Amino acid sequence: MAISDISAHAELEETLRRQLTHDQLTSVLSWYGLNQTLANIELERTSRPDLNFACLHINIDNFSAINDVFGRYVGDEVLLEVVRRIRSLIAEADGIVARPGADDFVVLIRSQSLEAAKANAERLVTAIGEKAVTHEGTSCSITASVGIAFLISGLPANEAVDQAGRACQAAKRAGGDRLQRL
């Protein structure tokens, strides 16, 4: 009897932890889960200072208009499709995907060179915008702005995420559907 009670308690704890650290719609990390991951990266980097990541901040262009014109169900399908397109290019073993905001994603790619990270980011911009999202007969074109920064030795992880966010905003100001590095 006591064994089943402990087991049920452990399952409940795991469910609650997952709800806290993962986005309910897309199942990628939430803002809280991303912050925990960044803290873990900082800890790991104390023993491995050569551990580097490329940080991509992805924002879906005109997402509020998509929700307003097509409705939130189509907006949700757009978010799910963006995650599918990210996952098709970034293997789970190589990358960490988070959704810290409504139409924002952060992708951390382990040990990428500048050239490889730029190539991955350019492929993401292309993949996100290459095909319209269709939901129950409604077709919606999407594009994304992507900012890129590098989490390298000496730069705090959260600063790299902030830099990528600023680069993404610069990409949006430049017209969207592009990659930007500050």
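For 182 residues, a compact globule would have a radius of gyration near 16 Å, and the 18 Å of the chain agrees with that. The model is predicted. Along the principal axes, the C-alpha atoms fill a box of roughly 60 × 45 × 20 Å.

**Secondary structure and contacts**
- Six helices and seven strands make up the elements of the chain.
- Their order from the N terminus is α-α-β-α-α-β-β-α-β-β-β-α-β.
- Of the contacts with a separation of 6 or more, 67% join residues 24 or more positions apart.

**Surface and charge**
- Buried residues account for 43% of the 182 in the chain.
- The accessible surface is about 9,700 Å², and carbon and sulfur atoms contribute 51% of that area.
- There are 18 positive and 24 negative side chains, with the centres of the two sets 6 Å apart.

**Helix 3**
- Helix 3 spans residues 63–70, and its residues Phe63, Ile66 and Asn67 are buried.
- Viewed down the helix axis, the buried residues of helix 3 fall within an arc of 95°, so they line one face.
- Ser64, Asp68 and Val69 are exposed on the other side of helix 3.
- The cover over the buried residues of helix 3 includes strand 1 (53–60), helix 4 (72–89) and strand 5 (138–140).

Methods: Residues are numbered from 1 along each chain as its sequence is written. This is a predicted model: local features need pLDDT of at least 70, side-chain atom pairs count only at pLDDT 80 or more; totals for chains, interfaces and linings use all residues. Side-chain values use heavy atoms; hydrogens and water are left out. Helices (H or I, at least four residues) and strands (E, at least two) are DSSP runs, numbered from the N terminus. The radius of gyration is taken over C-alpha atoms; the globule rule is 2.2 Å times the number of residues to the power 0.38. Buried means under 20% relative accessible area, exposed over 50%, partly exposed in between (1.4 Å probe, protein chains only). Contact means heavy atoms within 4.5 Å. Accessible areas come from the Shrake-Rupley method with a 1.4 Å probe; for residues, only the protein chains shown count as cover. Lys and Arg count as positive and Asp and Glu as negative; His and the chain ends are not counted. The place of a charge is taken as NZ of Lys, CZ of Arg, CG of Asp or CD of Glu. The arc is that of the directions from the helix axis to the C-beta atoms.
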